[in-house]
Each structure stands twice: as C-alpha cells, then as structure tokens.
Amino acid sequence: MQKYSVFSLIKNAFSDHQNWEVAWKDPTPKKEYDVIIIGGGGHGLATAYYLAKEHNITNVAIIEKGWIGGGNVGRNTTIIRSNYMHDDNALFSEFGMDLWRKMSQDLNYNVMFSPRGIINLAHSDAQMNAYSRRGNSMRLNGIDAVLLNREEVQKRIPMADFSDNVRFPIFGGLMQPSAGTARHDAVAWGYARQADSMGVDIIQNCEVTGFDVTNGKIVGVRTSRGDIKAKKVGLCVAGSTNILAEMLNMTLPIETHLLQACVSEPVKPLLDHVVTFGAGHFYCSQSDKGEMVMGGDLDGYNSYSQRGNLPTLQHVLTEGIAMFPFLSKLKMLRTWGGIMDMSMDGSPIIDKTHIDGLYLNCGWCYGGFKATPASGWTFAHTIAQDRVHKLNAGYSLNRFNTGDLIDEKGLGTKTWIS
Amino acid sequence: MLYIFCPHCGSRSQNEFAYGGDATVKRPELNKEISDQEWNNFVYLRKSPRGKHLELWHHISGCRQWIKVERDTSTHEIFKTYKADELTE
C-alpha cells in the first residue's frame, strides 16, 4: 500500500495526481471466508480492520448492500465524546477516545480529529446538580470533566442567549474538554483502505438475502451476488438490524427510528466547541467549512425511510434558536436523515447470539459514530476469541432478560422519545 | 407532515398526535405465573418491521383518545386507522 505523506504528495504532483493507487479494491466475492462482516459502515470497517490488525484474521469479507460509508457513518453530526455516567459506557467510550487520538497516525489517514470540547448547557439548579454528579462519576473513571458556571460558559460561547428575558436561562454547563469532532467520511475511508491493504475484501452493492444455519451453527450467507460460506458472521447494520434479525427468526430489543441532521450555510468561525441545549434536545458545532452542524430529536415513529419530516426539524431548530438566536439569520444548506437502531435502554449490544458463530453489534441509538473505533475493536475481539471482552461485557443481549440494564438516561422503553 | 385520520375527529395533522409504539405487543395475562422470558418479550422485544406496522397514536391535542394506525414504515403511507378497542384486520 502506498503510504500517504508529504513526500508521496509531492511525488504525485509531478504526474498531475493521475497515478495514485486506488484506496481499496473492488473484488468479486470468494466462495468462502473465515469471517463475514455484514455492513460496510464505520463499525463494520473498523471491525474488519481490528480483526486483521489485532487478531491476524485476514480472510475476511465486508458485505455492504450500498456503498461503504453511505449509511450513518456519512450521516451523523461527527461528535466524539465519553461524557457518560455509568461505568460500562464511560470505560468503553474512554477506551474509544484513546483510539480516536491515535487514529490519524494509526490509519495513515487524516481523520481531522478535533478535540474542541463539548459543553452540555444547564438551565436550572437541579440540572447543575445532576451535571456535577455526572462530572464526578466521569472523573472517577479517569475522564476529564469541568463544571462551568454561567460566566465561564459566557466566556466560551458569548453568542448564546444570555439576555434576561429567556425561557431557559443558562445556569452553567458540564464540559468535557477532550471531546470533539472528526471528519466522518475519512474515518470510513481510512479504515477501508487499511483493512483492504491487509487482505480484507470490501464487497459493495451486495445485499444479504438470507442466512444458512445448520444445527444451530452459522455456515454462510445468501446474497444478491451468490451464496458465500463463512465460519463466523458479524452483524453491523445499525438501522437494518431488525430486517436481518427477521431472516434469522430473532426478535431483538431494538426499534428502528429516523433521526435528522442539518447544516446551515457556511459562515466565518464563531463557535469553538460542540454545544448541547439542556432544556430540550439540540446540539450544534461548526464544521471546518464553516457550516453550523445541527441535530436533535428523532422524528418520533418507527421508520426506515432515511428522509425526515418537517415538523420535527422545525421543533429542533426552534430549540436551536432559543439557544443561539443568531441561527435564525442563517440559511439552511442541507437536511438529511438516517435510521437508528434504538435499543430499549439506550445502550448498545455487542455480543454472541444463540446461533454458534453469529455475532451481534447493534443498538447504538444515535451515539454510534463516536463509538466506531471502540466498537470495532471490541467486536473484533468478541468474534476472534468467541467471547466478549471486559469492555463490552455489559453490552450483553441477555441484560434485558436479567434486568442488568444500562439506562444512562433512565427513559425506559419508549425509544422514540429519547 | 403526516395526516392521520382520527376515527373520532377526522383527518388531522401529526402535530396533534403523540406516538405510542407497536400496537401488537400483548401484555401477559394477569393473575397467572409469568416467566422472566414472557416479561422480556412484552417489555423489550419488538419486531420493528420494514413495511406495514400497526401502532398506537394518542390524539393528545384533540379528542385525547388512543387510536390504532396501520402505517408503512418505509413510505410513511397510512392505510387504515382504528379506534383503540376496534378489532384490526
């Protein structure tokens, strides 16, 4: 594989950049693989990469029905954080933060990781208390957390509404300075390029139509490009999890819902951090191109449509304008939607299943992007060793049966209001 | 914008409604020994199909009645609506 560096850039400039190697190949599927990963999104690509890198398993195929990076890894708002209170989530995410910091060097691909800090705004004394509790829990788990008062918040985001006449005055906020953003497409492409160079077959435009299970053991998958045998199969298909589960006669604690995001026209740099509104559900950051990247609530009913509905967008942006009044003067550039695998406690599932050789990675709700490296790393471990790692031991499928839920937000099973 | 036909009030915009989830989930019978698995099935497991989905909606800014709506989860087309106690096809 051609290494990307300033020297390769200069060298290729002499041939007008016409002779760059392709970043990944377009192979035809082989008859058999050791491991098949279904889903060529961030998690699937990362899983294949860590299978090859950490476990030396390179006879691997990624099967993707569309094109890699065309799903949620290309549709998110690029936020990376580990500001969780529960141990399972906090330790898992903080492990991921470490992988994020090293990712550009590790993948020899600039993922533009930008640790600009995230501020969760608080709008009441009670919320300040809750944030101080969460911040303390984070610090006990070795994650940086700073409780900001109103003046400290105002110094960081003076453009927020600090006037006297507001419905939800800003009391302060909880900041994780090491949180940030990354270029989401680069994450998919970087993992794809490295996985490909280690021998992983990335097979696009190949839809899974069924599974071959014999005596409780997976033996292969049926696809639109023929049957492929496999010793192990991993599912990394986010919002399409229930569709594949149905083919396997499994019912999961997951519902598929629609989430929208949008960007404004680009403006000069004004927002240094990722900021979330505490009296509703709205988050905002500024991209390197200058666009304000925004998102909020789910559309609120089961959906596989990947396109949003106006009432929710309007509601979300109303909250945005309550927080940052200047947003009302900006034009909207793009809006889009993605389908989320909403789990019943808001936390993911990375586990084995009752079918031998079949592994499940799902339930990311709308927090999947930041988990990409940690999810891939632990899922690769789970597949390679046929047992869960201690980092994903809490993310078991059986926890709904035993009551060991990880309900970070305590919202219960109404996934559409979370 | 979805337009939902409330069997009590007629066609109204989605803004008047609150979603209530899968209407096919059945609570285990009362006064009966119920296994953890049965509770798990009722509380947590959902089919979440792509295609026709029978779901509950609450006409919360209207007549405040719960209704059942048969809707396609990939096209958002609404086929039929029912009163909460009405038998579905």
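This note covers one helix pair in chain A and the interface of chain A with chain B.

1. The model is predicted, so local features need pLDDT of at least 70 and side-chain atom pairs pLDDT 80 or more, while totals for chains, interfaces and linings use all residues. Residues are numbered from 1 along each chain as its sequence is written, chains are lettered from A in the order written, and side-chain values use heavy atoms, without hydrogens and water.

2. In chain A, the axes of helix α2 (residues 42-55) and helix α9 (residues 372-385) cross at roughly 55 degrees and come within 7 Å. Helices are DSSP runs of H or I, at least four residues, numbered from the N terminus; axes are lines fitted to C-alpha atoms over the stretch in contact, with angles from 0 to 180 degrees between N-to-C directions.

3. The contact (heavy atoms within 4.5 Å) includes Y50(A) and L51(A) of α2(A), and W377(A) and F379(A) of α9(A).

4. Chain A and chain B bury about 2300 Å² between them, 52% of it on carbon and sulfur atoms. Buried area is the accessible area (1.4 Å probe) lost on putting two parts together, summed over both. Chain A brings 26 residues to the contact and chain B 25 residues. Y301(A), N302(A) and Y304(A) supply 25% of the area that chain A buries against chain B, more than any other three residues.

5. One salt bridge is found across this interface (side-chain nitrogen of Lys or Arg within 4 Å of a carboxyl oxygen of Asp or Glu). R46(B) forms a salt bridge with E255(A), with the closest N and O atoms 3.8 Å apart.

Key. Helices (H or I, at least four residues) and strands (E, at least two) are DSSP runs, numbered from the N terminus.
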